[in-house]
Amino acid sequence: MYLLDTKYKTPLYQQLYQQLRSKILNGELSAQTKLPSSRRLSAELHISRNTVDTAYQQLLSEGYIVGKTRSGYYVETIHNTNFPDYVETPAAEPSAKPLTEKIKYDFQYGKLSPQTFPFSHWQRLTNECLRRDKEQLVNYSPFMGEPGLRREIVKYLRDYRDVKCTADQLLITSGTKHCLILACQLLKPLTSVIAMEDPGFAAAHFTFTNQGFQVSLIPLNHHGLNVKVLRASTAKAVYVTPSHQFPTGRIMPITRRLRLVEWAYEQDSFIIEDDYSCHLRYDVKPIPSLQGLAPEKVIYMGSFSKILSPSLRVAYMVLPKDLAQRMQQEAETLVCPVPLLIQKPLEQFLREGHFESHLRKMLRHFKKKHDTLLHALQETFGDTVSISGINAGLHLLLQLKQPALGSNDLVSRAGRSGIHIHANNLWVESEPGQAARVLLGFGAIALEDIPPAISLLHKVWLEY
Ligand SMILES: Cc1ncc(COP(=O)(O)O)c(C=O)c1O
């Protein structure tokens, strides 16, 4: 008995196919049972023969039935399986991430405001790409990325970051975490332990452990990662953020950089340099990369997330020559995950000099926000807080000197008043909970909202 109804959106042939299939699967139609001819079934069900034929063809191509010449269709022998029946459950609502229904003041780290994106340039460059690059747009992009974009990034890195490399050492990736996964694949034959700063970037820690490495957390002292402790570890690679330590914002001075390079040469090891917010320095010129000191020992990575948009998902990685060669060989059959429709406009954006002027504009924009935030914090909180990470990047790290409240309390109190901030889930540290610390990202909040947001924070944290 088959119940077919033209009122349903599902076409008749599909209704018939589905009913036949479930009868076969639940054994109601046992193996070798002959199906009625399409002429007979169509007459019985008052549907066209075509409809029955289409349903039978579908079952035939999926292997539920077999056809025997001049005899008809028979149910295939399908071995019983012990799979549990799939029960469809109603789709759950995506979990509500923000702590409040309505965010009034947004200090979310990593987020930018729409005013910072060069929409009109991007629109023009995208349209030009759609008109000009038709051939390429219907093809795969080479794994290392578009050669033109790689050349432009190399030029930029050489001029602005003192990175020493050629385009065949540079790889376009879909974000820093993607760079980290690729670095892990290259490092696997060399080490099972990767060291990183303590505290350090949680996503890096997650990636390393997820890729099967043991992670050794190396404490920071005033000058950055403690190389003595690093020497005592068995790690043959270390992940660092020297131009703006995440999350403390400290700069690694040249003496410590040189000691790190010394360690890499002595131990035949690699330094993974994450130069994530290298463009944003508000007091002096950006600090040159560590890669420039030891191109053979540094796996360098940078991202467009902070200066253009995190949604573009474009980052890049510069590999020492031997690792770049290995990557090229191993990845020959892979494809670049960044769409050509992003790579091409970005290439032109760099080539036509828009990136440089965008950078200058963004520096002015973020410096204003940085200064306003710092001033508001100092005015409002006085010496009840210590602030680290000033003069660079897109966040400040705040520590309450007399922590009556823990980090999570600070976040939830702020959240209840409509202020979105982050606590320590963005970084890992071996001794968490010592101090109440929160991270204030200022990429998204409007300049004029900063002072009232900071007064409100003071109220909900300290005036209770
Ligand atoms: C330490 C660090 N590295 C890199 C990034 C950029 O990551 P992505 O390129 O995946 O957006 C961030 C931004 O959140 C970061 O904090």
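Student: In which helix is the place of Arg39?

Tutor: Arg39 sits in helix α2, which covers residues 38-45. Helices here are DSSP runs (H or I, at least four residues), strands are E runs of at least two, and both are numbered from the N terminus. This is a predicted model, where local features need pLDDT of at least 70 and side-chain atom pairs count only at pLDDT 80 or more, while totals for chains, interfaces and linings use all residues. Residues are numbered from 1 along each chain as its sequence is written, and side-chain values use heavy atoms, with hydrogens and water left out.

Student: How many residues apart in sequence are Arg39 and Glu135, and how many Å apart in space?

Tutor: They are 96 residues apart along the sequence, and 49 Å lie between them in space, C-alpha to C-alpha.

Student: Now for charges. How many salt bridges does the structure hold?

Tutor: A salt bridge is a side-chain nitrogen of Lys or Arg within 4 Å of a carboxyl oxygen of Asp or Glu. By that rule, the structure has 21 salt bridges. One of them joins Glu128 and Arg124, at 2.8 Å from N to O.

Student: Where do Glu128 and Arg124 lie in helix α4?

Tutor: Helix α4 spans residues 119-132, and the two are 4 residues apart in it, so about one helical turn separates them. Arg124 also meets Glu352 in a salt bridge, at 3.0 Å from N to O.

Student: Which residue forms a salt bridge with Asp159?

Tutor: Arg158 does, and the closest N and O atoms are 4.0 Å apart. Asp159 is exposed at 57%, whereas Arg158 is partly exposed at 47%. Elsewhere, salt bridges that share partners tie Glu146, Lys344, Glu347 and Arg351 into one network.

Student: What domains does the assignment give?

Tutor: Domain bounds come from an automatic or database domain assignment. For this chain it gives domain 1 (12-75), domain 2 (105-114 + 357-462) and domain 3 (119-353). The centres of domain 2 and domain 3, taken over C-alpha atoms, are 26 Å apart. Contact means heavy atoms within 4.5 Å, and here it takes 30 residues from domain 2 and 31 residues from domain 3.

Student: What area do domain 2 and domain 3 bury between them?

Tutor: Buried area is the accessible area (1.4 Å probe) that two parts lose on being put together, summed over both. For domain 2 and domain 3 this is about 2,600 Å², with 65% of it on carbon and sulfur atoms. On the domain 2 side, Leu359, Asn391 and Val428 lose the most area to domain 3, together 22% of what that side buries.

Methods: Buried < 20%, exposed > 50% of the residue type's maximum accessible area, 1.4 Å probe, protein only.
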